[in-house]
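Here's a quick briefing to go with the structure below. Have a look at it first, then read on.

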Amino acid sequence: MVLQYNLITLTSENMGIGKDNQLPFDLPTIVEYCEKFCAQTEDKNKKNLMIFGRNTWDGLKENEKPCFGIINFVLTSRDDLDVSKYPDVYVFHSWKEINDKLIDPEFKKTYETIWIGGGPELYEYAQKSEHFFRAYVMKVKKFYESDTFFPKLVDNVKRIDDERLPKGIQFDDGVEWEFEAWENTNLPKN
Ligand SMILES: NC(=O)c1ccc[n+]([C@@H]2O[C@H](COP(=O)([O-])OP(=O)(O)OC[C@H]3O[C@@H](n4cnc5c(N)ncnc54)[C@H](OP(=O)(O)O)[C@@H]3O)[C@@H](O)[C@H]2O)c1
């Protein structure tokens, strides 16, 4: 597999991921856990990379950009997004442009994991793509009113054990949550 897309999401029990272009919940410890998890690399000379939609980027506060301190790819159809003041942030206008950058031999040396950071359109696209590898779902066991939701996972996934994840139900920020990892069962045989 040339490229491996890994979805990452933090959802509520009702699969809510957003409200008014922000997160629907205030869960600082869990969010920080997610950020650290996404930034982890085996090769300390490389960074991980996260692809997300324009709205998610626009919803970040100034001090949160670049998101998670990793390489950020922002997808937009518009030409008005200036990210020149931020290190490690790139703007793309199509998945083709993104993939061309991801397979560029020089750029490939700089990153390790490709995270798909949402929102829903990107999650939908990524899990139906030939590059879909895994979905990492941090599920908070509480209902939060939301206007944006994580889409249904495709059928061709199986739950896997990833030793980096905490096992079973966790308790932080006053709520129970669980970290699930799912893997594409149609991975190409190498
Ligand atoms: N809990 C979580 O894990 C999580 C993760 C991510 C986001 N969120 C939340 O989700 C909400 C944002 O989601 P959203 O659905 O509104 O927006 P989004 O996915 O962040 O952005 C959607 C925009 O991305 C661009 N885009 C998407 N696909 C494209 C394509 N193929 N080519 C070109 N541009 C493309 C378009 O931008 P243009 O309109 O500029 O063309 C589109 O309007 C926020 O509330 C955010 O906090 C939560």
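The residues in the shell around the ligand split into 8 nonpolar, 16 polar and 3 charged. Here Ala, Val, Leu, Ile, Met, Phe, Trp, Tyr, Cys and Pro count as nonpolar, Asp, Glu, Lys and Arg as charged, and the others, Gly among them, as polar. Keep in mind that this is a predicted model: local features need pLDDT of at least 70, side-chain atom pairs count only at pLDDT 80 or more, and totals for chains, interfaces and linings use all residues. Residues are numbered from 1 along each chain as its sequence is written.

**Around the ligand**
- Of the 27 residues around the ligand, the ones that come nearest are Gly18, Gly53, Asn55, Gly118 and Gly119 (near means a C-beta atom, placed from the backbone, within 6 Å).
- At least two shell residues each come from β1 (5-11), β2 (16-18), β3 (47-53), α2 (54-59) and α5 (120-128).
- The largest share, 4 residues, is supplied by α2.

**The whole chain**
- The protein chain has 5 helices and 11 strands; these are DSSP runs numbered from the N terminus, with helices being H or I of at least four residues and strands E of at least two.
- Its radius of gyration is 16 Å, close to the 16 Å the globule rule gives for 190 residues, so the chain is as compact as a globular protein of that length (the radius is taken over C-alpha atoms, and the rule is 2.2 Å times the number of residues to the power 0.38).
- Buried residues account for 27% of the 190 residues; buried means 20 or more other C-beta atoms within 10 Å of a residue's own, exposed means 12 or fewer, and partly exposed is in between, with C-beta atoms placed from the backbone.

**Strand β11 and its partners**
- Strand β7 (residues 132-140) runs antiparallel to β11 (residues 175-184), with 7 bridges joining them (strands pair if DSSP finds at least two bridges between them).
- Tyr136 has Ala181 as its bridge partner in β11.
- β9 and β11 are also antiparallel, joined by 4 bridges, and Val157 is partnered by Asn184 in β11.
- β10 (residues 170-172) pairs with β11 in the antiparallel sense over 3 bridges.
- In the hairpin of β10 and β11, there are 2 residues between the strands, and Asp173 takes a positive phi near 50°.

**A look at Arg159**
- Arg159 sits in strand β9 (residues 157-160).
- Arg159 counts as exposed because it has 11 C-beta neighbours inside 10 Å.
- The C-alpha atoms of Arg159 and Trp182 are 4.4 Å apart, although 23 residues separate the two along the chain.
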